[in-house]
Amino acid sequence: LETQVAIVGAGPAGLMLAHLLRREGLETIVIEKRDPETIRATHRAGILEAGTVDMLVDSGVDGRVLTEGHEHEGTSLRFEGRSHHIDFQEAVGRSVRLYPQNEVFWDLKEASERDGGTVFWSVDDVAVHDVESDRPGVTFVDAEGAAREIRCRILVGADGSRSVCRKAIPEDVRTDHFTEYPFAWFGILCQAPPSHHELIYTRSESGFALISQRSDDVQRMYFQCDPTEDPDDWSDEQIWARLQECVSGPDGFRLQEGPIIDKTVLPFRSYVCEPLRHGSLVLVGDAGHTVPPTGAKGLNLAFCDVRVLAPALVALLRDGDERPLAGYSGAALERVWKAQNFSYWVTRMLHSSSEDSEFDSRRQLGELHAITDSPYGRAYFADSYTGWQA
Ligand code: DHB
């Protein structure tokens, strides 16, 4: 097979890139290890920055994000048993939208089918070749078991945090920047009415918890746990007890409980691959960088990469201008590091560790008050959370 841009990975980053390139008349082929139903059933985060929503709507993916997503004009940071509201609109004049990432994926998949995009699902044995040449390739076994090869001008690795493509950047040119955290998230879906109309990020003596929503009768919540925790060791009663403990306070706030229909432990770390381009290979999204989930930046950052990369590929493949692509890694990494900082900072500010001293927890509370008690602190949080416009 021959194409201009071969994309490994049909998650939101890979499909969005293919969608934008197709609109510019460029040829793409996307390959993906999983099948669409499995991806749709994998629960991921749900907060979209305004710029992410605009990309979906302006490029004609679908308006479902507007009709089925919910605008959130603020969020609450809860600590010492009290909620502190941060009004995004008041602080920076922007909002975010709650619309699950697996639905973003589905909308992009539908748009690809509608527009005649080529995607090979359920492929295996993916290997990339000749990334230092002008004719890189990718080999794989398709869903019917046939060996296939794609040759292209540019190969894009959009294959997630365990990227195969990334490994094609030789170790002497690649720097892996990362940091680990001594905790993970226990994520649940439950059948219950919403406990609140916006997200609540809470820091408590029992650790961090995040209260999110999915619909009128399904809710998404997380609490801090040990990375080695086995979800099956937790009964519904134990889970609800922990979550209630995390949010309890003098205001008497309680979560609406219901049957737990999904539970997963999500370990996380911060990672950046530098550079994001080597020869004819380019990385986007989690393949190039992963952030802890606390700042809700993962998908948004992937879309930012795509927003920089798509015009650079158009310049190269239509006009023969290599300069925008040469600037891709530097330009994308600038925002990546801002998001790394925000995600690290919010994670550290809200989680607790068994090694924390009394000094550490008091300092953490001081940091939270410095954000919530001042219009400048709230504006800093809101500007970062809703996605920097500059
Ligand atoms: C959700 C997940 C996040 O990591 C986050 O920061 C906000 C919301 C969610 O699943 O709804």
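View 1. In the ligand site, serine 212 places a polar side-chain atom 2.6 Å from an oxygen atom of the ligand. The model shown here and in the following views is a predicted one. Tyrosine 201 likewise has a polar side-chain atom facing an oxygen atom of the ligand, at a separation of 2.7 Å. With threonine 294 the atom concerned belongs to the backbone, being an N or O atom that lies 3.4 Å from an oxygen atom of the ligand. In total, 16 residues surround the ligand, and the closest of these are Tyr201, Ser212, Arg214, Tyr222 and Pro293.

**View 2. The packing of helix H8 against helix H10.** Helix H8, which covers residues 298–319, packs with helix H10, which covers residues 328–350, at an angle of about 160 degrees, and their axes are 10 Å apart. Because angles over 145 degrees count as roughly antiparallel, H8 is described as roughly antiparallel to H10. The crossing of these two helices, H8 and H10, is right-handed. On the H8 side the contact is made by Leu301, Cys304, Asp305, Val308 and Leu309, while H10 contributes Tyr328, Ala331, Ala332, Arg335, Val336 and Ala339. Sorted by class, the residues in this contact of H8 with H10 comprise 9 nonpolar and 2 charged ones, with no polar residue among them.

**View 3. The crossing of helix H3 with helix H8.** Helix H8 also meets helix H3, which is formed by residues 50–58, and here the two axes come within 9 Å and cross at roughly 55 degrees. That angle makes H3 oblique to H8, and the crossing of H3 and H8 is left-handed. From H3, the residues Gly51, Thr52, Met55 and Leu56 meet Leu299, Asn300, Phe303, Val306 and Arg307 of H8. The contact of H3 with H8 has 5 nonpolar residues, together with 3 polar and 1 charged.

**View 4. The meeting of helix H10 with helix H11.** Helix H10 has a contact with helix H11, residues 358–372, where the axes come within 9 Å and cross at roughly 120 degrees. The two helices, H10 and H11, are therefore oblique to each other. In this contact Trp345, Arg348, Met349 and Leu350 of H10 meet Gln364, Glu367, Leu368 and Ile371 of H11. By class, the contact of H10 with H11 holds 5 nonpolar, 1 polar and 2 charged residues.

View 5. Most peptide bonds are trans, and most residues other than glycine have a negative phi. The peptide bond that runs from glutamate 274 to proline 275, however, is cis, with omega near 0 degrees. Proline 275 is placed in the loop between strand S17, residues 260–274, and strand S18, residues 277–278. Aspartate 125, a residue other than glycine, has a positive phi, with a value near 50 degrees. The place of aspartate 125 is in strand S9, which consists of residues 124–129.

Definitions and conventions
Residues are numbered from 1 along each chain as its sequence is written. This is a predicted model: local features need pLDDT of at least 70, side-chain atom pairs count only at pLDDT 80 or more; totals for chains, interfaces and linings use all residues. Side-chain values use heavy atoms; hydrogens and water are left out. Axes are lines fitted to C-alpha atoms, for helices over the stretch in contact, and angles run from 0 to 180 degrees between N-to-C directions. Helices (H or I, at least four residues) and strands (E, at least two) are DSSP runs, numbered from the N terminus. Angles under 35 degrees count as roughly parallel, over 145 as roughly antiparallel, 65 to 115 as roughly perpendicular and the rest as oblique. A crossing is left-handed if the near helix is turned anticlockwise from the far one by less than a right angle, and right-handed if clockwise. Contact means heavy atoms within 4.5 Å. Ala, Val, Leu, Ile, Met, Phe, Trp, Tyr, Cys and Pro count as nonpolar, Asp, Glu, Lys and Arg as charged, and the others, Gly among them, as polar. A residue is near a molecule or strand if one of its heavy atoms lies within 4 Å of it. A polar contact is a pair of N or O atoms within 3.5 Å; within protein, one must be able to donate a hydrogen and the other to accept it, and residues adjacent in sequence count only if both atoms are side-chain atoms.
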